[in-house]
Amino acid sequence: MQVRISRMQTAGVLLALLCAMTLRVAAQNNEILGEVRFQPDNGAAKSAGVWVDGKYVGYISELKGSKKLLLLPGLHEISVREAGYRSVDQKIEVEPHALQTLRVSLAKDPRAQYPTVSAEIRLSIDPERAAVFVDDQFAGHAHEFGGGGRAMLVSPGKHYIKITLPGYQSFETEIEVRANQKYDIKTQLPKGHETDHESQSRL
């Protein structure tokens, strides 16, 4: 008996094979990754942001469980930063299947300057774990600057605000505030990546 295979059946078989190969490659990649964990030695380190090879990946307290930090084998640059504290920068060698734990203790930065006259910026951001940058300097995470009695203090004048989180499109804006003024920023970050959209133009 002669069996005829339609083009649609052939396409379906090829698609199934392609999916199987993709899953196999993904599984192999996961198997060679190394894990990096952080052990904060003081309160400031718990809320500090983490950068890997110049890219923000999250803050220390959340890099665990489903958000654990998995890296390809090789040399990586790790930077831990918190506003008002000296950053901790180091290079690490990640090995396949290996787990590394980095102890982090942040010290106050004596060069940090705080405005004597200030304005308040209160944030309502979803997700609230997003990182906040003011004039290209890491200021903290959105949840630190929202709610009763919590706000970000900035000097009067123009400021460039960027709010970012891996897996989401960033929010960018420029504001001008006066002394003792209170300013609210509310936004929801759409899921996606920086390459999925053109960043909003500065106001």
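Helices (H or I, at least four residues) and strands (E, at least two) are DSSP runs, numbered from the N terminus. With that settled, my notes follow.

I am working on a predicted model, where local features need pLDDT of at least 70, side-chain atom pairs count only at pLDDT 80 or more, and totals for chains, interfaces and linings use all residues. I number residues from 1 along each chain as its sequence is written, and side-chain values use heavy atoms, with hydrogens and water left out.

**Overall counts.** I found 2 helices and 14 strands in the protein chain. Of its 203 residues, 35% count as buried; buried means under 20% relative accessible area, exposed over 50%, and partly exposed in between (1.4 Å probe, protein chains only). The protein chain exposes about 13000 Å², and carbon and sulfur atoms supply 51% of that. These areas come from the Shrake-Rupley method with a 1.4 Å probe; for residues, only the protein chains shown count as cover. I also looked at contacts (heavy atoms within 4.5 Å). Among those between residues at least 6 apart in sequence, 59% join residues at least 24 apart.

Most residues other than glycine have a negative phi, and most peptide bonds are trans. I went looking for exceptions. The peptide bond from D126 to P127 is cis, with omega near 0 degrees. I place P127 in the loop between β8 (119-126) and β9 (131-134). Then come two aspartates in the loop between β9 and β10 (137-141): D135 and D136. D135 has a positive phi of about 55 degrees without being a glycine, and D136, also not a glycine, has phi near 70 degrees. Which of the two is exposed? D136 is, with a relative accessible area of 56%, whereas D135 at 36% counts as partly exposed.

**H159.** H159 is buried, at 7% relative accessibility. Its side chain makes a polar contact with the side chain of D135 at 2.9 Å. For a polar contact I need a pair of N or O atoms within 3.5 Å; within protein, one must be able to donate a hydrogen and the other to accept it, and residues adjacent in sequence count only if both atoms are side-chain atoms. The H159 side chain also reaches the backbone oxygen of S155 at 2.5 Å. Leaving aside neighbours within four places in sequence, I list V134, D135, V154, T173, E174, I175 and V177 as contacts of H159.

E172 is in strand β13, buried at 10% relative accessibility. What does the side chain of E172 join in a polar contact? I get the side chain of Y160, at 2.6 Å. The C-alpha atoms of E172 and I161 are separated by 5.7 Å, with the two residues 11 apart along the chain.

**Cores.** Here a nonpolar core is a set of buried Ala, Val, Leu, Ile, Met, Phe, Trp, Tyr and Cys residues joined through side-chain atoms within 4.5 Å. The largest has 27 residues, of which I121, L123, I125, M152, I163 and L189 touch the most other members. At least two residues of this core come from each of β3 (55-59), β8, β9, β10, β11 (152-154), β12 and β13 (171-177). I also noted a second, separate core of 18 residues, which includes A45, A48, L71 and I92. Back to I163: not counting residues up to four places away in sequence, it touches I125, A130, A131, V132, S170, F171 and L189.

**Aromatics.** I count 4 aromatic pairs in the structure. Rings of Phe, Tyr and Trp (its six-membered ring) pair if their centres lie within 6.5 Å; planes under 30 degrees apart count as stacked, over 60 as edge-to-face and the rest as tilted. The rings of W51 and F138 have centres 5.1 Å apart and planes at 85 degrees, so I log the pair as edge-to-face. W51 is in strand β2 (residues 49-52) and F138 in strand β10, so the pair ties together parts 87 residues apart in sequence. Both W51 and F138 are buried. W51, Y56, F133 and F138 form one aromatic cluster. Finally, R81 lies over the face of W51, at 4.1 Å from the ring centre; my criterion is NZ of Lys or CZ of Arg within 6 Å of the ring centre and within 35 degrees of the ring normal.
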